Amino acid sequence: MTTTVTTLKAATAPAQPAPRVREVRWELAAALRHFGRLGYEFGFNGHVSARAPEAPGHFWVNPFGVSISTVTPADFVLVDETGTIVEPRGNHAINGFAGNLALHTAIPEAEAVVHLHTPRAFIFSNHGEPPAPVNTDSALVTDLVGVSSTIWGATTEPTNVDLAAQGKRVILQKGHGFTTWGSSVGEAAFLLEAAERAADANLVLRGLGAHDVLAPEVVARWTLTPELARAHFEPAFTIAEREGLR
């Protein structure tokens, strides 16, 4: 009897359609509402921002004190390149924008920056090292992660801006979770969600003891491109559209 063995090739991602044209503030609000559903809200800890296409040199920032689960596009606050509010929304203030502003200012490609206190990432960030590629979900981001301790005043570590300039779009801040940036809101948002999953997988497998990691060539095949990360976040935008986010 002859047995034929079929070798299955790794699936390739489909061609990515051109991004939908949506208002930046709408995309920021849709992303935050998605994160709210995932349980990422923790008090007022967390800030997202994006360049304002209609006002070069200005940025839309989520407001302090408004739940990410209920935020609307109209809630976002416009700030200038110094971080000063130039178009207030009622009495809304902003919180923790300095780190985002530094990335926007230094990295022309940083259209959007996301930082939330996601549960597993905040635990994992105590290790001060990138998550290992323990599965293909983790491999989406592991090669994109850089580590910084400068939030605590360290002077010998690379800063978030240094790491971003090296192409690290996912920045693990020791003891302070992840900051992600991208050329679109969808990209930066999906990178954060993928990094949280990678942190979760690493924590679970470390607790179980020894674990395997994927080979570098496998990781290279799975690493997200900006276009693919953006496309991965499209379902979250679709949900917001069908819910009638305005």
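Val79 stands opposite Ile85 in β4, a strand being a DSSP run of E with at least two residues, just as a helix is a run of H or I with at least four residues, both numbered from the N terminus. This is a predicted model, in which local features need pLDDT of at least 70 and side-chain atom pairs count only at pLDDT 80 or more, while totals for chains, interfaces and linings use all residues. Residues are numbered from 1 along each chain as its sequence is written, and side-chain values use heavy atoms, with hydrogens and water left out.

Strand β3 (residues 77-79) pairs with β4 in the antiparallel sense over 2 bridges, where two strands count as paired if DSSP finds at least two bridges between them. These strands belong to an open sheet of 8 strands with mixed pairing, whose order is β4-β3-β2-β1-β5-β8-β7-β6. At the edges stand β4 (85-87) and β6 (145-148), each with a single partner strand, so one side of each is left without a neighbour in the sheet. From one strand to the next the twist averages 25 degrees.

Side chains of opposite charge can pair when their charged atoms come close. With a salt bridge defined as a side-chain nitrogen of Lys or Arg within 4 Å of a carboxyl oxygen of Asp or Glu, the count comes to 11 salt bridges. In one of them the side chains of Arg22 and Glu234 meet at 2.5 Å, N to O. This pair links distant parts of the chain, since Arg22 is in the segment before α1 (24-37) and Glu234 is in helix α9 (residues 234-242), 212 residues apart. Both Arg22 and Glu234 are buried, which is to say under 20% relative accessible area, whereas exposed means over 50% and partly exposed in between (1.4 Å probe, protein chains only). Arg22 and Glu234 are also linked with Glu27 and Glu241 in a network of salt bridges.

Glu243 forms a salt bridge with Arg37, their closest N and O atoms being 3.6 Å apart. Here too distant parts of the chain are linked, with Glu243 in the segment after α9 and Arg37 in helix α1, 206 residues apart. Arg37 counts as partly exposed, at 43% relative accessibility. A further salt bridge joins Glu111 and Arg51, with the closest N and O atoms 3.8 Å apart; Glu111 lies in the loop between α2 (98-106) and β5 (112-116), Arg51 in strand β1 (residues 46-51), 60 residues apart. Glu111 is partly exposed, with a relative accessible area of 31%.

Of the 246 residues, 47% count as buried.

Conventions. Axes are lines fitted to C-alpha atoms, for helices over the stretch in contact, and angles run from 0 to 180 degrees between N-to-C directions.
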